[in-house]
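Please review the fold below. The report covers its sheet, its helices and a few single residues.

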Amino acid sequence: MKDFKKYYSIPATPDEIYTALTNPITIELWTGEVAEMSTEPGSEFSMWDGSITGKNLEFEPGKKIVQQWYFEGKSDNSIVTIKLHADKEGTSAELRHTNIPDEDFDDIAEGWTYSYFGGLIDFFEGE
């Protein structure tokens, strides 16, 4: 199991980023896919046509999102924590993803950078 930590600079406010990550309508706008999402701790979520699924654990509006991501056949909790910090460029998003199965690590790291945060950055730069 491996951990992944990285910072992303996004040209939008922390509140805008938080909404983009937690509102299913907004998620669909920047991913192009229908999403199931709620800010209710304990609720299940699904993104990218079910390729990302898990459970929402904790929310702090405009500041923090904590989720458990599911990996088929793995029982270890894979925890995603996204912290949002205002900066002069908009928002610095601090990502920490723990307990990623070794065989999934490269795909997950690439997905975070190019699809997930890359999609968010493209979405906000395009406004």
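## Sheet and helix packing

Asn 99 is partly exposed, at 27% relative accessible area (buried is under 20%, exposed over 50%, partly exposed in between; 1.4 Å probe, protein chains only). This is a predicted model, in which local features need pLDDT of at least 70, side-chain atom pairs count only at pLDDT 80 or more, and totals for chains, interfaces and linings use all residues. Residues are numbered from 1 along each chain as its sequence is written, and side-chain values use heavy atoms, without hydrogens and water.

Asn 99 lies in strand E6 (residues 90-100). Helices (H or I, at least four residues) and strands (E, at least two) are DSSP runs, numbered from the N terminus. Asn 99 is not a glycine, yet has a positive phi of about 55 degrees. Thr 98 is also found in strand E6. Is Thr 98 buried or exposed? Thr 98 counts as buried, because its relative accessibility is 16%. Leaving aside neighbours within four places in sequence, Thr 98 is in contact with Lys 2, Asp 3, Asn 77, Ser 78 and Ile 79. Contact means heavy atoms within 4.5 Å.

Next, the sheet. Six strands form an open sheet in the order E1-E6-E5-E4-E3-E2, with antiparallel pairing. Two strands pair if DSSP finds at least two bridges between them. Strand E1 (2-10) and E2 stand at the edges with a single partner strand each, so one side of each has no neighbour in the sheet. Neighbouring strands of this sheet are turned by 25 degrees against each other on average, direction ignored.

H1 packs on the sheet and touches E1, E3, strand E4 (64-69), strand E5 (78-87) and E6. The direction of H1 makes about 150 degrees with that of E5. H3 packs on the sheet too, touching E1, E2, E4, E5 and E6. The direction of H3 makes about 15 degrees with that of E1.

Strand E2 (residues 44-47) and strand E3 (residues 52-60) run antiparallel, joined by four bridges. Glu 44 has Lys 55 in E3 as its bridge partner. Met 47 stands opposite Ile 52 in E3. Four residues lie between E2 and E3 in this hairpin. Trp 48 is in the loop between these strands. Trp 48 has a positive phi of about 50 degrees although it is not a glycine.

The helix pairs are set out here. Axes are lines fitted to C-alpha atoms, for helices over the stretch in contact, and angles run from 0 to 180 degrees between N-to-C directions.

| Helix pair | Angle | Axes apart |
|---|---|---|
| H1 (residues 14-22) and H3 (residues 105-125) | about 125 degrees | 12 Å |
| H1 and H2 (residues 24-31) | about 90 degrees | 5 Å |

H1 and H2 are therefore roughly perpendicular. Thr 19, Ala 20, Leu 21 and Thr 22 of H1 meet Pro 24, Thr 26, Ile 27 and Trp 30 of H2. This contact of H1 with H2 has five nonpolar, three polar and no charged residues. Ala, Val, Leu, Ile, Met, Phe, Trp, Tyr, Cys and Pro count as nonpolar, Asp, Glu, Lys and Arg as charged, and the others, Gly among them, as polar.

H1 and H3 are oblique to each other. Angles under 35 degrees count as roughly parallel, over 145 as roughly antiparallel, 65 to 115 as roughly perpendicular and the rest as oblique. Glu 16, Ile 17, Ala 20 and Leu 21 of H1 make the contact with Tyr 116, Leu 120 and Phe 124 of H3. The residues of this contact of H1 with H3 are six nonpolar, no polar and one charged.
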